[in-house]
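Have a look at the picture first, then read on.

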Amino acid sequence: MQLFNNVNAMHEWCREQKKQGKTIGLVPTMGYLHDGHMSLVKAARQDCDIVVVSIFVNPIQFGQGEDYETYPRELEKDSALLANEKTDAIFAPGVKEMYPAGYDAYVEVQGAITGKMCGASRPGHFKGVTTVVSKLFHICQPDRAYFGQKDAQQLLIIKKMVRDLNFPLEIVRMPIVRESDGLAMSSRNVYLNAEERQQALVLNQALKTAANNIRGGERDIKKIHQQIKDMIETQPLAQIDYIEISSGENLTDLEEMRGEILLALAVKFGKTRLIDNLLVEV
Ligand code: AMP
């Protein structure tokens, strides 16, 4: 397994692999890897000749007062996990390598898809994400790039960017990996104390209950919304950021419960903001 910190060296190496006719699978991450990330790596390993995993805590996708400084970082442990899965290369550039002095170029997806949910709560977040992902696509030239359904809005925005800007690659969506008690795996779960961790279980429970009610015939969007809210509010530490019920295809508001429906939420427990979601087909 090779480790690259340098953009040009990574780019040259990927170009060389492509010249040899190999397919490249890219897994963009911010590191502090868990089984959710590793499910993406395993899928890339199955599908592609070469697996590149990027580890970069991208400062421009963090807002003021967010956790950029404290975001957990553990490159050595991550490297061992990735070596275990036969990753070919890690790309772990420094901030100045990605954004040298005088850096001025940004990629932004506009419209309803970025305006709501995390886009509304974290202004500039998705612009930071689409910019870094564009750079990673140019540097690594993947045939396929793997993203988790855990970040449902991010995934749809990246798909739209790839479509609208004609990036020549396929975006592969991987399901949410959860802890055995249902909490969606996240690098940020490490911030939770025992009480917050316990109360956070309500997120998956509320989503599952709502999905069951929809499957059982409930079609009133407001009622489902209220049910999720009520359930989450049974937990005293939960501070709801948003609960959204929208189209799973493009996040537009639903006129009626029909097709692929995304139940998505962001809730803070103490200082930790967690997101979770569930897709229901009606
Ligand atoms: P992050 O390191 O949080 O930026 O995540 C990197 C990639 O891993 C993103 O595509 C995430 O959606 C994905 N990911 C994070 N957590 C999970 C999870 N629990 N299940 C599946 N994919 C995940």
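## Starting with helix H1

Helices here are DSSP runs of H or I with at least four residues, numbered from the N terminus. One of them is helix H1, which covers residues 7-19 and contains Met 10. Keep in mind that the model you are looking at is predicted.

Is Met 10 buried or exposed? Buried means under 20% relative accessible area, so Met 10, with a relative accessibility of 0%, counts as buried. Leaving aside residues up to four places away in sequence, Met 10 touches Phe 4, Val 52, Ala 89, Phe 91, Ile 139 and Cys 140. Ile 275 comes 265 residues away from Met 10 along the chain, and the C-alpha atoms of these two are separated by 32 Å.

## Where H1 meets H7

Now follow H1 to its neighbour H7. The axes of these two helices come within 7 Å and cross at roughly 50 degrees. H1 and H7 are therefore oblique to each other.

Which residues make this meeting? From H1 come Val 7, Met 10, His 11 and Cys 14, and from H7 come His 138, Ile 139 and Cys 140. Sorted by class, the contact of H1 with H7 has five nonpolar residues, two polar ones and no charged ones.

## H7 has another partner

Helix H7 (residues 125-140) also packs against helix H8 (residues 152-164), with an angle of about 55 degrees and axes 11 Å apart. That angle makes H7 oblique to H8. The crossing of H7 past H8 is right-handed.

On the H7 side, the contact uses Phe 126, Val 129, Thr 130, Val 133, Ser 134 and Phe 137. H8 answers with Gln 153, Gln 154, Ile 157, Ile 158, Met 161 and Val 162. Eight residues of the contact of H7 with H8 are nonpolar, four are polar and none is charged. As a general rule, an α-helix has 3.6 residues a turn, so residues three or four places apart point the same way.

## Checking helix H10

The buried residues of H10 are Leu 201, Val 202, Leu 203, Asn 204, Ala 206, Leu 207, Ala 210, Ala 211 and Ile 214. Their cover includes helix H9 (194-199), helix H11 (221-233), strand E8 (260-269) and strand E9 (272-281). Just after H10, Gly 217 takes a positive phi of about 120 degrees.

Key:
Residues are numbered from 1 along each chain as its sequence is written. This is a predicted model: local features need pLDDT of at least 70, side-chain atom pairs count only at pLDDT 80 or more; totals for chains, interfaces and linings use all residues. Side-chain values use heavy atoms; hydrogens and water are left out. Buried means under 20% relative accessible area, exposed over 50%, partly exposed in between (1.4 Å probe, protein chains only). Contact means heavy atoms within 4.5 Å. Axes are lines fitted to C-alpha atoms, for helices over the stretch in contact, and angles run from 0 to 180 degrees between N-to-C directions. Angles under 35 degrees count as roughly parallel, over 145 as roughly antiparallel, 65 to 115 as roughly perpendicular and the rest as oblique. A crossing is left-handed if the near helix is turned anticlockwise from the far one by less than a right angle, and right-handed if clockwise. Ala, Val, Leu, Ile, Met, Phe, Trp, Tyr, Cys and Pro count as nonpolar, Asp, Glu, Lys and Arg as charged, and the others, Gly among them, as polar.
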